[in-house]
Structures are given as C-alpha cells and as structure tokens.
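Please keep the sequence and the model in view while working through them.

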Amino acid sequence: MSFDQYHEPASELSAETRTFARMIVSLTEEAEAINWYEQRIAVETDKDAKAIMQNAQQEEFKHFGMDLEFLLRKKPVWQTTLKSILFQKGDIVELGTKGEEAAE
C-alpha cells in the first residue's frame, strides 16, 4: 500500500511529522467532501435527500474545523497569521498581508 502524503521516506520522518502529514491529508479530504456535497446539494431536487446531504456536509465542516485547529495548535506561526485574517472585517488580501507581517 502506498502513502502519497509522504514526499520523503517515511522511515526518515519523525512520528510528529508523519502525524502532521496525516492531518494535512485529512484536512484536504474533508475539503473535498465539502465540495462534493455542495455540488450534489446544488442539483438535488428531492427535499429529503437534500436535507440529508446538508446534514452530512455539516459533519464535514466540523471535521475540517477540527483538523485545522489541530494543525494550528502544532504550528503557532500559522495561528498568528490566520488570527489576522479569519473572522475579521476588511479586505481579505490586506488582512493576509498583515497576518504574514505579524508572523514574521
């Protein structure tokens, strides 16, 4: 079985780095699932089926958020950057620039 999340030999990576790689892959998979549900919901005409898909998508949002929070706790510099961007009012690009500057 191949594990594509590693770009270096797994045996040379620390347990912490391997966990980090797994969480990045999990975050990506959750984002993909959110997208798939979004597309399905957009075209579904059956009210009950649509409600079930919306409920499932909410679960994926929760998992995405948990994965992201785990990663941010492991990478404080990311947390600093994102605190300047997320849930802030204003131009997103300008907030991103300020976030990068805050992390430097």
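1. Aspartate 67. D67 belongs to helix α2, which covers residues 47-74; helices here are DSSP runs of H or I with at least four residues, strands are runs of E with at least two, and both are numbered from the N terminus. The model is predicted, so local features need pLDDT of at least 70 and side-chain atom pairs count only at pLDDT 80 or more, while totals for chains, interfaces and linings use all residues. Residues are numbered from 1 along each chain as its sequence is written, and side-chain values use heavy atoms, with hydrogens and water left out.

2. A buried charge without a salt bridge. D67 is buried but has no salt bridge, and K62, the nearest side chain of opposite charge, is 11 Å away. Buried means under 20% relative accessible area, exposed means over 50%, and partly exposed lies in between (1.4 Å probe, protein chains only). Lys and Arg count as positive, Asp and Glu as negative, and His and the chain ends are not counted. A salt bridge requires a side-chain nitrogen of Lys or Arg within 4 Å of a carboxyl oxygen of Asp or Glu.

3. The surroundings of D67. Which side chain makes a polar contact with the side chain of D67? The partner is S26, at 2.7 Å. A polar contact is a pair of N or O atoms within 3.5 Å; within protein, one must be able to donate a hydrogen and the other to accept it, and residues adjacent in sequence count only if both atoms are side-chain atoms. When neighbours within four places in sequence are set aside, D67 is in contact with M23, S26, L27 and E30, where contact means heavy atoms within 4.5 Å.

4. The salt bridges. Side chains of opposite charge can pair when their charged atoms come close. How many salt bridges does the rule give? The count is two. In one of them K62 pairs with E59, and the closest N and O atoms are 3.3 Å apart. K62 and E59 are about one helical turn apart, because they are three residues apart in helix α2. K62 is partly exposed at 42% relative accessible area, and E59 is also partly exposed, at 36%.

5. The bridge between R73 and E69. The side chains of R73 and E69 form a salt bridge with an N to O distance of 2.9 Å. Both residues lie in helix α2, four residues apart, or about one turn of the helix. R73 counts as exposed, with 64% relative accessibility, whereas E69 is partly exposed at 32%.

6. Charges over rings. The charged end of R40 sits over the ring of Y37, 5.4 Å from the ring centre. K75 lies over the face of F20, and here the distance to the ring centre is 5.0 Å. The rule asks that NZ of Lys or CZ of Arg be within 6 Å of the ring centre and within 35 degrees of the ring normal.

7. Arginine 22. R22 is placed in helix α1 and is partly exposed, with 42% relative accessibility. Leaving out residues up to four places away in sequence, R22 touches Q5 and Y6. The side chains of R22 and Y6 make a polar contact at 3.4 Å. R22 and Q5 are 17 residues apart in sequence, and their C-alpha atoms are 7.1 Å apart in space.

8. The loop between α3 and α4. Where is F87 found? F87 is in the loop between α3 (76-83) and α4 (92-103). F87 is not a glycine, yet its phi is positive, at about 60°. F87 counts as exposed, with a relative accessibility of 83%. L86 is found in the loop between α3 and α4 and is partly exposed at 36%. Between L86 and G96, ten residues apart along the chain, the C-alpha separation is 9.2 Å.

9. Two further separations. T28 lies in helix α1, residues 15-43, and counts as partly exposed at 40% relative accessibility. I92 is in helix α4 and is exposed at 64%. I92 and F64 are 28 residues apart along the chain, and their C-alpha atoms are separated by 21 Å.
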